[in-house]
Amino acid sequence: MFGWGSSNQRHRADPSRDGEQSKAPQNEGVDSGAMVIAGNESSPTMNATAGSGSGTNAGYGDDGRYDYRAKYKELKRKERESRSRYERQLAEKDHRLQDMKSHQQVMAQEERRAREALNSEIQQLKYELRQMRAQLSRHSQENMMYKDEIRRAETQNEETRRRLEEKANELKGAQAFLKHANMLSGADVISLVDRLNSEVYQGAASMVDTVEFEGASRRMDDAAWKRATSATSKTIGGELTQALIAQRGKDKDDYDPILLQYALQACLVFCCFKICISWAPEEGNSQFLRSVYSEIQKKEDQVVAGRWRALTRAHIRETRNPEAETKQIIRELRAVLIVAGCSDEELSTEFEKDLLEITTLAVRVQTAIGESITSMDLEPYILPPGRPFDAALMEEEGGSRAQGKKTVGCTGLGLAQLVNGDRTILVRAKVLLDLAL
């Protein structure tokens, strides 16, 4: 640490030669460090400081001379100790620094590994995301394909359903034509016709008991009279019309209500007969359909013809109006009462409900023979005036069966059965003979 002079210089630094001490550094070239020590050797402070470590005059020998060598060794020792402490501190710091570097390296490695793991996870997630997007795209395409297939299947199903409905309707139509069973028997229809004839008889008798005979006192204009006589000529016939006109001029005491009852019966039977044989409310349509059915009967079996008749009448039946037909019957009956010289206001007040029941029963007969029986044809019939009495077809009103006489009117509906051109009478028509006038 200190630059020491040569041996001669050290020798001149001896305390015995203190007078030369101040000049020695300049004259003899001793370094500044040696001079500092030499100049301070006689200083009490320096000596006290130097001796503070051992409690004695350190650096001085037994002979009282300053021992530079010992001092040098002491300084060297202290330097070594300082250096050793410094080196230990430096080593400790270096060790701590190495530990910090190692820790930083570990942290850096962990961070790098974490970053690599994170990057790897990110890459994996990106890959999975691409896979999921690709899978989603495939699923979307598959869904589109499935939707297209479903639409095609729905279209095919709709077409199949439509065809099945067409086939079912065709089969239903075929079954309707091939169906052999009758919904009613012939006995059922006979019972309906007998009931209708009974209602007609009771209705006519009730009206005769209710209306008043006015005779010739009932006045009317020529146009109304002509309309009335023209109507009765069609419904009850000319002979009954003339008989009513002849009775019109009689007094009340000579008035015969039985003749009026026969005329009302004949009028009701005629109106019910028109309803039973009609195919449609309009006469022109009925004639056309009847002619068509006649042609079908000539070319087809009874099963086909009967089913065609039943289906046609079933669809037309909805167009019928019993109330309107009842009003038509009232108009025809009013014409009979006018010709007979009787009041007619009671028809619209007291008998309209009863006449509606008769009309409804006639429609039931029409439905039974037109729709419920297909294996054969049942036909209601009446006989025109002027025909010779025939017991096979007729039954005289009152049951006298006068052979050889002629009919003047029909008071009960008859019923005949037709099978392959053969005609069988099921209910004979009741007729009024000329003997009754």
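In what order do the 3 strands of the open sheet stand? The legends below take this up first, for a predicted model in which local features need pLDDT of at least 70, side-chain atom pairs count only at pLDDT 80 or more, and totals for chains, interfaces and linings use all residues. Residues are numbered from 1 along each chain as its sequence is written, and side-chain values use heavy atoms, with hydrogens and water left out.

**Close-up 1. An open sheet has the strand order β1-β4-β5.** The pairing of the 3 strands is antiparallel; two strands pair if DSSP finds at least two bridges between them. Strands here are DSSP runs of E with at least two residues, and helices are runs of H or I with at least four, both numbered from the N terminus. β1 (377–381) and β5 (422–427) are the edge strands, each with a single partner, so one side of each has no neighbour in the sheet. On average, neighbouring strands are turned by 30° against each other, direction ignored.

**Close-up 2. Strands β4 and β5 run antiparallel.** Look for the 5 bridges that join β4 (residues 414–419) to β5. Here Q417 stands opposite T424 in β5.

**Close-up 3. Helix α8 packs against helix α12 at an angle of about 45°.** The axes of α8 (residues 238–248) and α12 (residues 322–340) are 7 Å apart; axes are lines fitted to C-alpha atoms, for helices over the stretch in contact, and angles run from 0 to 180 degrees between N-to-C directions. That makes α8 oblique to α12, the class left after roughly parallel (under 35 degrees), roughly antiparallel (over 145) and roughly perpendicular (65 to 115). From α8, T241, L244, I245 and R248 meet V336, I338, V339 and A340 of α12, where contact means heavy atoms within 4.5 Å.

**Close-up 4. W279, Y293 and W308 form one aromatic cluster.** The structure holds 4 aromatic pairs; rings of Phe, Tyr and Trp (its six-membered ring) pair if their centres lie within 6.5 Å, with planes under 30 degrees apart stacked, over 60 edge-to-face and the rest tilted. The ring centres of W279 and Y293 are 5.4 Å apart with planes at 50°, so this pair is tilted. For Y293 and W308, the centres are 6.2 Å apart and the planes at 5°, so the pair is stacked.
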